[in-house]
Amino acid sequence: MEPTSLAGAGDRGRNAGGDEPPAAFRAALAALDGVRARPEITLEHIPAPQRLAPWAHAIGALVTEPDGDDDVEIASARFIVLFDPDGHEAWNGTTRCVGYLSAETDEQLVDDEMFSEVAWSWLTDALTDAGAAHHAVGGTVTRTASTRFGDLAGPEHSVDVEMRASWTAEDTALDRHLLAWLEVLGNAAGLPPPGVRLLGPSDRPGGETL
């Protein structure tokens with residue numbers, strides 16, 4: 001499967017009145033269009049919020065895994081860009097990146113007191129490693145354990161992690177910011193490092209199982 005790209009897809013970030021975006025916002029959108037996600041992640045443009053800033057743009061990301069003849073969703077995320085050419089006092093800048101993600105995770109992690117700190121470090125490390133110049137970062141990490149009863153479909157026990165984060169971008173190179181958020185999504189979904197494929201029973205010589 002080839003990496004997915006946003007180039008040529010979706011809207012171009014016009015505001016509710018259909019006006020042409022400012023040059024800085026157009027440059028940010030052009031940078032986002034160049035992002036190619038790893039094969040396990042599907043990207044798409046989604047409706048952006050209209051009341052949070054004069055200009056906004058939103059991208060959805062979905063992680064699936066094969067389950068027989070179907071693909072099952074294991075994680076999803078949104079990456080929203082809010083832009084105010086006059087600047088925003090609360091942001092201390094003109095461009096605010098907002099990320100949301102939800103993923104199924106290991107049931108044992110719900111009792112790990114350090115998990116939230118580790119999950120938050122995924123974001124701070126990813127932004128630094130991607131060279132995404134930023135400041136004023138904040139957010140939350142939430143772990144939720146669920147038990148299903150009766151006729152509800154799905155596993156009896158499940159644990160989900162949710163992350164909400166926002167930060168101010170210091171330039172228009174938003175491809176770096178999106179790539180950092182997609183790395184966080186991959187970590188939350190338990191994906192192996194890019195280019196690494198985990199071996200299943202059928203991949204081992206003779207089909208042995210452990």
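Predicted model: local features only at pLDDT ≥ 70, side-chain atom pairs only at ≥ 80, totals over all residues.
**Group meeting: a walk through the chain**

If you trace the elements from the N terminus, the order goes β-α-β-β-β-β-β-α-β-β-α.

A few overall numbers before we zoom in. The chain has 210 residues, and 36% of them count as buried. Take the contacts between residues at least 6 apart in sequence: 64% of those join residues at least 24 apart. The accessible surface is about 11800 Å², with 49% of that belonging to carbon and sulfur atoms.

Now the strands. Let's start with E3, residues 41-46, and E4, residues 55-67: they run antiparallel, joined by 6 bridges. If you want a spot to look at there, find Glu44, which sits opposite Gly60 in E4. Then carry on to E5, residues 70-88, which is antiparallel to E4 and joined to it by 13 bridges. Glu65 has Val72 in E5 as its bridge partner. E4 and E5 make a hairpin with 2 residues between them, and in that turn Gly68 has a positive phi, about 70°.

On to helix H2, residues 115-129. Which residues of H2 are buried? That would be Phe115, Ser116, Ala119, Trp122, Leu123, Ala126 and Leu127. Look down the axis of H2 and those buried residues fall within an arc of 130°, so they line one face of the helix. Turn to the face pointing away from that buried side, and you find the exposed residues Thr128 and Asp129. After H2 comes Gly131, also with a positive phi, near 70°.

Last stop, Thr168, which you'll find in strand E8, residues 157-169. Is Thr168 buried or exposed? Its relative accessibility is 0%, so Thr168 counts as buried. And what does the side chain of Thr168 make a polar contact with? The side chain of Arg96, at 2.7 Å. If we leave out the neighbours within four places in sequence, Thr168 is in contact with Trp91, Asn92, Gly93, Thr95 and Arg96, and also with Ala133, His134, His135 and Ala136.

That's my tour; happy to go back to any of these on the screen.

Key:
Residues numbered from 1 in each chain as written. Heavy atoms only, no water. Helix = DSSP H or I, 4+ residues; strand = E, 2+ residues; numbered from the N terminus. Buried < 20%, exposed > 50% of the residue type's maximum accessible area, 1.4 Å probe, protein only. Polar contact = N/O pair within 3.5 Å; in protein donor to acceptor, adjacent residues only side chain to side chain. Contact = heavy atoms within 4.5 Å. Arc of directions from axis to C-beta. Areas by Shrake-Rupley, 256 points an atom, 1.4 Å probe, with all protein chains shown as cover. Pairing = 2+ DSSP bridges.
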